[in-house]
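This briefing concerns the salt bridges of one protein model. Please view the sequence and the structure before reading on.

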Amino acid sequence: MPRSMPGKMQRLSIVSEKPLYVLGLNGKLGDVNKRRLEPQPSRLDINSVSGDSRDAHDMEGGGVRARSFSRLARTVILVRNWLVSASEEGDQRSDVDPSAVFELAPSVTRSEAEAAEAPPPPSAPDIPPPPPPKTFLTTAAVIYFTISPNSRAYYLWTTVVSIGVLYNIVALSIFIFDDIYFGYFREWLLLNLFFDAVFIFDIFIQSRTTYLLDGTPVTNIRMIAKNYFSGSRIWLDLSCLLPFDLLLLIQSSASIVRVTRLLKTYRVMEFHALTVKVIMFPAVFRIISVVTTCFVLFHWNACIYFLFSLMQGIDNATDTGFVFSYKKVFNPVIPTCDILLEDADETCAYDESKFDALDLDQTEPLDRTVYIEELMEYWRQRGYVEWSFSNFTKEYSMSIYWSSLTITTCGQQPWPENSAQNMLECVDTLLGLMVFSVIIGSVGNVVSVMNKQRAEYQEKMDAVKFYMKYRKVNPAIQERVLNCFVYMASQNQLTDERDILEVLPPRLTGQIAVSLHMETLQKVELFTECEVNFLYELVLRLQQHVFSPGDYICRTGDRAKEMFILKRGQLSVIDDANSEQVVELEVLNEGSTFGELSVVRVAGNMLGDRRAVSVRSVGFSDIYILAQEDVSAVLVDYPTMRDHLYEKAREMLRAKLLLDETEVDDDQGLLGMLTLPTDEQLSRLQAAMENIDRQLDDYARQQQESVTRQKQRITELEGMFTRNKRRIRRDCERGLLT
């Protein structure tokens, strides 16, 4: 889609339609503009001509010539319309059926129509209507309840189910640690009952979740239930609720019996897919998902390591052994004296110079085990603060530290001391390599996707900067171009809208265009009471343009042949007829439309075909433009709308005292509505004739191919006759061939 670049003069045009002397705006000006609309000679009469001034004598003398030219133009247009209608590749209507996009109005019965036409009853004192009855959840509402998988309620429910699955994944192995088992066993049972109830209710929710059948949502509860119960999900949901929890009556610490709850993991994957679809930053969520997956792997591996340590025995474990030992995790000790400040206590340090354990060359680490008792006694007298942590904190922190280092194959670990420890280290390392390679690949994909758009933006930016420097563009224009480029990148407008939407079906593309522009187009005075199908055809022909600060959308005296819809930004309407005194008449905000009478041509329009004012962009502005030729192409297929627009345009001009009734002829005016300037009509006629030439060439080529095939068949028949001449003659003599 074409876009305006900063610094490039926008030679667009606007025509006056509202009570302004310049252009049609959805608003009013002050008394100054009202005085300019008085029926007296003004700048409006001057702008109504196409450039050169003419006096009354020239107008009277040229009347015959103008009428002769108009007859010639009508003849050319009639020939052109006949040629276009004869060609299959002329102006065609959209392939999208408008009736498939817009919903029909509900039918009205005869009694309702008569009631609407009946006179209103006599006025009565205002009595407030009774409040509507309160509705409660009924049995029928529960029986016929359905939920769409794209609804917000279904997404929230999937979130709750996913939280339950993640809870079971974490709590399933955490009871390896005694502090958790003895401290939170009752809370664990209550949460188990709660999430089991959630899983049971999830079966009901999924049995009422609609699905698509050939693109159509199925809402019949019998078909929905049949689709769910005949699939594989029902078996996973029932298997995960098997009552293996009864084994806790025998061994209360065997939390692993709830491993069947992990069959519900597919709901977490569904939650991930829904979240990526609805959030604004899916790449960030993917990174969070990868981090969560890493934590779950580290957590399970840490629990396995601590269980293995319990089986190996941690009472006699050393601080350099393979298994867990409390000697590896000490409580931090913080001295109370100051040693790092400027007025530090010089005695706040233990003198180690009297021991030979310190290597002066720093080639050997300092061994304080020789005087550890004396060192501890020194600090007891000086005073210190000890941060105490629970056994669970020490056990879990050390275990997950070992787990993360082993899976990621980073860092130095104690050497295994027996065959069992060797086996655990090998298996854990192999699984860690495979799993973590997948995780690293996922992170790489996420990062590459995040950087792809940035890299494309930087490449385009560098190309633009290199071109401007190579061509020695004015530095001021370079700055405007770069600012516009940054703005378009921030609004995701570097990619053409048509390139983005071309992958969608035409119907969906039309629905997007309707949702963006139909409401604004229906508010335009010229298009009020128009057919919906006609407006739909116009909406599909809107084209987006971006204007940078200070760009002119149109200037005084430009040809008026477009209508504008302001979607973002602000525009300033400027009266710059007097270059010495430029006056700002009005500021247009988002949703404003102007130039509506530019898309039709009405005989007797005193505004002519030139702009009376200039319109300039205040900041960055996004504007959709509807061209006059597009409207003319659509009106060819909607003759009733052509009559309606013509009468509406005349009515608007007459209300503003801008219609010369003496120059208006109904037949001539209707034809003039579709009559574009001569050069544009001739160019369109040339394009239509080129299309017809291409079709004739295709027909000639097809005819030549057909003649060639017929000649080949005749040649084959002649050959067959030559080869079988005697046989055919003999058969004829015998009377076998009649």
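**Salt bridges and burial**

Glu-270 forms a salt bridge with Arg-267, with the closest N and O atoms 2.8 Å apart; a salt bridge is a side-chain nitrogen of Lys or Arg within 4 Å of a carboxyl oxygen of Asp or Glu. The model is predicted: local features need pLDDT of at least 70, side-chain atom pairs count only at pLDDT 80 or more, and totals for chains, interfaces and linings use all residues. Residues are numbered from 1 along each chain as its sequence is written, and side-chain values use heavy atoms, leaving out hydrogens and water. The structure holds 15 salt bridges.

*The pair in helix 12*

- Both Glu-270 and Arg-267 lie in helix 12, 3 residues apart, about one turn of the helix; helices (H or I, at least four residues) are DSSP runs, numbered from the N terminus.
- Glu-270 is buried at 14% relative accessible area, where buried means under 20% relative accessible area (1.4 Å probe, protein chains only).
- Arg-267 is buried as well, with 0% relative accessibility.
- Salt bridges with shared partners join Asp-202, Arg-233, Asp-237, Lys-264, Arg-267 and Glu-270 into one network.

*The bridges of Arg-261*

- Asp-196 forms a salt bridge with Arg-261, the closest N and O atoms being 3.1 Å apart.
- This pair links distant parts of the chain, 65 residues apart: Asp-196 is in helix 9 (residues 178–206), and Arg-261 is in the loop between helix 11 (233–239) and helix 12 (266–278).
- Asp-196 is buried, at 13% relative accessible area, and Arg-261 is buried, at 2%.
- Asp-245 also forms a salt bridge with Arg-261, its closest N and O atoms being 2.9 Å apart.
- Asp-245 and Arg-261 both lie in the loop between helix 11 and helix 12, so the pair ties together parts that are 16 residues apart in sequence.

Terms used:
Helix = DSSP H or I, 4+ residues; strand = E, 2+ residues; numbered from the N terminus. Buried < 20%, exposed > 50% of the residue type's maximum accessible area, 1.4 Å probe, protein only.
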